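Open the model in your viewer and keep the sequence panel beside it.

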Amino acid sequence: MPLLTMHSRQISWTPLLLLGYLFYLLLGAMVFQLLEKQAETHFRDQFQLEKLKFLQNYTCLDRQALEQFVQVLMEAWEKGVNPEGNSTNPSNWDFSNSFFFAGTVVTTIGYGNLSPSTVAGQIFCVFYALFGVPLNLAFLNQLGKALNAHLLTLERWVQKPGRAQVVQTLAVVIFLITGTLLFLVFPPLVFSYVEGWSYGEGFYFTFITLSTIGFGDYVVGTNPNKHYIPVYRSLTAIWIVFGLAWLALVFNVGADLMERYLQLKWHKSDLSLAEGDTTKLEDEPEQPRIHIPS
């Protein structure tokens, strides 16, 4: 029976993980609502006030005409056309931007600021993603294996007893520090310089992109008032691919450590319960035997 109890407890951490997952989502919802709802209300009121001021300054327009113009701006933005500037703005579908868009499709980032507007483009996008997403996963998987192979090679350099664990820990630390510098620390400096963002905005864009969340509120190479080099977005797409592999490996390590921690916690609880049952049995007084003479 203790064995059955231990076995049932070894798998009971799964409901705990589910509860923790739901709690994390609820916590995020409450925090985001607390932080963003008031700001949204402020911006909405400010926008309505600006529209009223615009109508007061241009009395030849009525509210219906203004709302129609706003609708035109919204439709242009949804089609990937930036309302700022004029018709001389760079095309969203030149080769560099198309290469960047292809990368966002296969990596499933999907910023949402640009999408195919033609039926032929939408159909091609579906089939392109159908084969491109598995290809991207296979490539990232192989890239992750290559990174793991380098870590294992570093561990084999030291074969003396007692030092392997130190080398393994050192290799993981070097891997995390190097990747953090290359993919999370230095790129925001570049984006801040090129795009005119703050470092915090650049770091926000970097993490949101590499984690494939991709809200689309910050996208490189979309400011019509700036002149970008032709390969700027293409180089960014290449950086994204390698950054995805590194961050995915970090996420996998974190998920594995979390799972092991939960299993170890429940395993220790099972051992304590089993030891308690054993101690209880040992402490019970032995029942006297009744001898019946023949």
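**First stop: Phe-207**

Select Phe-207 and show what surrounds it: leaving aside neighbours within four places in sequence, Phe-207 is in contact with Leu-184, Leu-247 and Phe-251. Contact here means heavy atoms within 4.5 Å. This is a predicted model, in which local features need pLDDT of at least 70 and side-chain atom pairs count only at pLDDT 80 or more, while totals for chains, interfaces and linings use all residues. Residues are numbered from 1 along each chain as its sequence is written, and side-chain values use heavy atoms, with hydrogens and water left out.

Colour by secondary structure and you will find Phe-207 in helix H7, residues 199-210. Helices (H or I, at least four residues) and strands (E, at least two) are DSSP runs, numbered from the N terminus.

**Second stop: the aromatic rings**

Show the side chains of Phe, Tyr and Trp. Their rings (for Trp, the six-membered one) pair if the centres lie within 6.5 Å; planes under 30 degrees apart count as stacked, over 60 as edge-to-face and the rest as tilted. By this rule there are 16 aromatic pairs. One of them joins Phe-207 and Phe-251 edge-to-face, at 6.5 Å centre to centre and 80° between the planes. This pair links distant parts of the chain, 44 residues apart: Phe-207 sits in helix H7 and Phe-251 in helix H8, residues 232-283. Phe-251 is partly exposed too, with a relative accessible area of 44%.

Next, select Phe-100, Tyr-111, Phe-191, Trp-197, Tyr-204, Phe-205, Tyr-218 and Trp-239, which ring pairs link into a cluster.

Move to the loop between helix H4 (95-106) and helix H5 (119-156), where Thr-107 lies. Thr-107 counts as buried because its relative accessibility is 4%. Which residues does Thr-107 touch, not counting those up to four places away in sequence? They are Asn-136, Thr-212 and Leu-244. The Thr-107 side chain also reaches the backbone oxygen of Gly-103 at 2.5 Å.

Select Phe-186 in helix H6, residues 164-195. Phe-186 is partly exposed, with a relative accessible area of 44%. From Phe-186 to Tyr-199, 13 residues apart along the chain, the C-alpha atoms are separated by 9.9 Å.

**Last stop: the whole chain**

Zoom out. The protein chain has eight helices and zero strands. Of its 294 residues, 23% are buried. Among contacts with a separation of 6 or more, 61% are between residues 24 or more positions apart.

For "transmembrane region", an unreviewed UniProt entry lists residues 12-35, 120-140, 166-190, 202-220 and 232-255. Select two of these spans in turn. Residues 202-220 are 47% helix and 0% strand, with end C-alpha atoms 10 Å apart. Residues 232-255 are 100% helix and 0% strand, and their end C-alpha atoms lie 34 Å apart.

Notes
Buried < 20%, exposed > 50% of the residue type's maximum accessible area, 1.4 Å probe, protein only. UniProt positions renumbered as here; feature names shortened; annotations may be inferred. Polar contact = N/O pair within 3.5 Å; in protein donor to acceptor, adjacent residues only side chain to side chain.
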